[in-house]
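I am opening a notebook page on a structure that is new to me. The entries below record what I looked up, in the order in which I looked.

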Amino acid sequence: MNRKGQALVEFVLILPVFIMILFLVVDFGTIYSRKANLENVTSDIVDAVKNGKELSWIKEIYNDYMINISSSEDYKKITVADYVNLITPGIDLILDDPYEIMVERFVYDD
């Protein structure tokens with residue numbers, strides 16, 4: 001029996017699964033990193049809103065993100081979103097591609 005051929009066949013069968021797992025790890029790492037970055041950006045935007053900056057000024061500074069500020073009687077709802085392009089083939093069957101990351105904060109009026 002040829003053991004070298006058997007090892008090669010096993011390697012060829014396992015390689016696509018390993019590559020898919022590797023791509024998934026990269027995708028979820030990218031999503032996690034971008035979410036952490038978006039949390040920091042949202043904190044900066046909340047500080048700007050608390051200091052009375054206008055939405056147009058905020059959008060000019062943070063033009064890479066989709067920013068929405070809606071007001072109520074008691075609070076302002078700040079929503080900041082960004083998109084991540086996924087690299088894993090077939091992941092769009094489970095997640096949207098591009099995947100939307102969104103952070104919401106509420107600023108209550110004093």
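Predicted model: local features only at pLDDT ≥ 70, side-chain atom pairs only at ≥ 80, totals over all residues.

Entry on the overall form. Reading from the N terminus, I wrote down the order of the elements as α-α-β-β-β. The protein chain is more spread out than a compact globule, because its radius of gyration is 22 Å, well over the 13 Å that the globule rule gives for 110 residues; the radius is taken over C-alpha atoms, and the rule is 2.2 Å times the number of residues to the power 0.38. Along the principal axes, the C-alpha atoms fill a box of roughly 80 × 20 × 20 Å.

Entry on surface and contacts. I found that buried residues make up 24% of the 110 residues, where buried means under 20% relative accessible area, exposed over 50%, and partly exposed in between (1.4 Å probe, protein chains only). For contacts, which mean heavy atoms within 4.5 Å, I looked at residues at least 6 apart in sequence, and 55% of those contacts join residues at least 24 apart.

Entry on the strands. I saw that strand 1 (residues 66-71) and strand 2 (residues 75-84) pair in the antiparallel sense over six bridges, two strands being counted as paired if DSSP finds at least two bridges between them. A hairpin through three residues joins strand 1 to strand 2. Within this pairing I traced Ser70 to its bridge partner Lys77 in strand 2, and I found Ile69 opposite Ile78, also in strand 2. Strand 2 pairs with strand 3 as well, again in the antiparallel sense, over 10 bridges, and there Lys77 stands opposite Phe106 of strand 3.

Entry on Ser71. Is Ser71 buried or exposed? Ser71, which lies in strand 1, counts as exposed because its relative accessibility is 59%.

Entry on the loop between strand 2 and strand 3. Ile87 has its place in this loop and counts as partly exposed, because its relative accessibility is 46%. Which residues does Ile87 touch, not counting residues up to four places away in sequence? I listed Phe23, Val26 and Asp27; of these, Phe23 is 64 residues from Ile87 in sequence and 6.7 Å from it in space, C-alpha to C-alpha. Pro98 is found in the loop between strand 2 and strand 3 (99-108) too, and a cis peptide bond joins Asp97 and Pro98, with omega at about 5°.

Notes. Residues numbered from 1 in each chain as written. Heavy atoms only, no water. Helix = DSSP H or I, 4+ residues; strand = E, 2+ residues; numbered from the N terminus.
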